[in-house]
Amino acid sequence: MTLVHNWHLGRTMEYPYFESRPEHQFAAVFNTNRCIACQTCTMAHKSTWTYSKGQEYMWWNNVETKPYGGYPQHWDHKILQLLWDNGNNPMEWYTSAEDKDETKAPYGLYNGDTIFELAQTKGLKQVAVGYIPDDKEWRFPNIYEDTAASEKTNYETGPAAESSELPEHKRWFFYLQRLCNHCTYPACLAACPRKAIYKRKEDGIVLIDQKRCRGYRKCVEQCPYKKPMYRGETRMSEKCIGCYPRVEGKDPVTKGRRMEARCMAACVGKIRLNGLLSGDYKKPDPKNPLDWMIHIHKVALPLYPQFGTEPNIYYIPPRWAPRSYLKQMFGPGVDEALDKYAAPSRELMAVLQLFRTTQTMLSRFEIEDGEKIYESEIMGKKVEVYNDTVIGFASDGTEMVRVKVEEPTWESDEKRMITY
Ligand code: SF4
Ligand code: SF4
């Protein structure tokens with residue numbers, strides 16, 4: 001084991017390989033508040049990559065309803081339970097001013113074992129704590145869809161009063177969009193005895209070399225997100241490939257420019273923005289929309305940072321779910337992220353308009369000022385909305401998109417109406 005820095009945790013941690021960050025990192029921000037669970041993303045990946053024999057139960061992208069849904073079933077409950085280690089690893093965060101550091105520990109300091117460290121503490125003969133889901137757990141990709149959690153029904157005030165208490169709803173569920181996180185410290189890669197898994201230097205995409213894989217399933221066991229999947233037909237494991245030919249600009253549609261992954265480009269709810277993060281997390285580029293949302297504005301958070309893999313898919317948390325549940329899932333940055341999302345700044349309003357405006361990966365944005373169109377107070381905070389214009393650029397500097405904050409509306413011409 002070596003010591004590597006994990007900025008999600010605000011500290012160094014043990015990992016089997018030396019710290020080696022890619023030049024750029026494949027990443028995305030998902031706005032959970034906008035997802036309608038249409039599963040278009042799920043079918044986009046399915047029809048692109050996993051339609052063949054032996055891939056029937058492979059869902060590299062899935063959308064599950066929290067808190068009960070999961071693919072494989074109960075994956076996060078199970079890994080959290082293992083990590084909890086009968087209460088010997090309480091997974092606390094220190095968040096006082098001295099525990100925070102703008103670049104090295106933006107959320108605070110994690111004071112618990114990661115999946116790698118707990119395996120060491122317990123003297124396990126594996127690199128991380130983990131488990132292999134059984135066949136039954138892989139069989140139902142969308143079980144518990146739209147099933148809400150609630151406190152006990154209050155019969156005195158009646159069910160209608162239950163969901164009206166803000167900022168948290170008592171009856172709640174939300175959609176969690178999931179795919180491989182192309183982690184900075186992949187547990188799948190660390191676990192593979194064949195060294196068949198590698199992380200690409202140019203974009204940080206994590207791939208399984210099918211020529212080297214022998215189907216030992218150590219990646220399936222040790223990935224805490226359960227995103228490598230075993231294919232009985234070939235007796236090998238497969239996982240999300242980050243649509244790397246598109247990311248390399250091989251699709252003619254974007255004329256050689258980097259293109260977003262299929263599941264991202266297909267998103268109907270416009271919740272996804274996919275691109276590359278700057279390689280140095282200590283020097284984020286304030287003009288890169290992903291760097292800005294993740295590192296500078298801190299409105300988007302990693303999924304289960306306490307696992308220790310430094311995952312690279314980031315989430316704007318849902319507004320109305322209980323904060324304690326969200327903090328377990330996204331770490332201690334939840335309050336700050338939700339304060340910023342609920343009463344958005346002028347810059348955030350503009351950047352959010354970039355979601356799903358183009359299939360080309362955007363590496364830079366500019367904002368042109370517009371007139372004020374709205375003013376209000378949200379949770380005691382004054383909010384002003386301006387009809388600014390946000391412009392998105394590809395990495396070669398070409399302007400790809402120009403949109404205003406206020407979305408245009410069209411009224412159909414009366415002449416076109418069919419009358420009976
Ligand atoms: S999410 Fe799992 S499969 Fe993907 S890189 Fe991380 S550890 Fe590996
Ligand atoms: S396509 Fe977008 S809106 Fe539809 S389920 Fe997927 S992430 Fe949600």
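**Stop 1: the two ligands**

Start by selecting ligand 2: 14 residues surround this ligand, and the closest are Cys35, Cys38, Gln39, Cys41 and Cys267. A residue is near a molecule or strand here if one of its heavy atoms lies within 4 Å of it. Before going on, note that this is a predicted model, in which local features need pLDDT of at least 70, side-chain atom pairs count only at pLDDT 80 or more, and totals for chains, interfaces and linings use all residues. Residues are numbered from 1 along each chain as its sequence is written, chains are lettered from A and ligands numbered from 1 in the order in which they are written, and side-chain values use heavy atoms, with hydrogens and water left out.

Colour the shell of ligand 2 by residue type, and you will find 9 nonpolar, 4 polar and 1 charged. In this scheme Ala, Val, Leu, Ile, Met, Phe, Trp, Tyr, Cys and Pro count as nonpolar, Asp, Glu, Lys and Arg as charged, and the others, Gly among them, as polar.

Now select ligand 1. Which residues are around ligand 1? They are Cys180, Asn181, His182, Cys183, Pro186, Ala187, Cys188, Val206, Cys223, Tyr225, Pro228 and Lys239. This shell divides into 9 nonpolar, 2 polar and 1 charged.

**Stop 2**

Switch to a cartoon view for the strands. Helices (H or I, at least four residues) and strands (E, at least two) are DSSP runs, numbered from the N terminus. Two strands pair if DSSP finds at least two bridges between them. Strands of a sheet pair through backbone hydrogen bonds, either parallel or antiparallel.

Zoom in on strand 15 and strand 18 (residues 389–393), which run antiparallel and are joined by 5 bridges. Here Ile367 stands opposite Val390 in strand 18.

Next, select residues 372–378, which make up strand 16, and residues 381–386, which make up strand 17; the two pair in the antiparallel sense over 6 bridges. Look for Lys372 opposite Tyr386 in strand 17.

**Stop 3: salt bridges**

Show the side chains now. A salt bridge is a side-chain nitrogen of Lys or Arg within 4 Å of a carboxyl oxygen of Asp or Glu, and by this rule the count comes to 30.

Select Glu310 and Arg21, which form a salt bridge with their closest N and O atoms 2.9 Å apart. Glu310 lies in the loop between strand 13 (301–302) and strand 14 (313–316) and Arg21 in the loop between strand 2 (11–15) and strand 3 (24–31), so this pair ties together parts 289 residues apart in sequence. Are these residues buried or exposed? Glu310 is buried, at 1% relative accessible area, and Arg21 also counts as buried, at 19%. (Buried means under 20%, exposed over 50%, and partly exposed in between, with a 1.4 Å probe and protein chains only.)

Finish with Asp335 and Lys327, another salt bridge, with closest N and O atoms 2.9 Å apart. Asp335 is partly exposed at 31%, and Lys327 is partly exposed at 32%.
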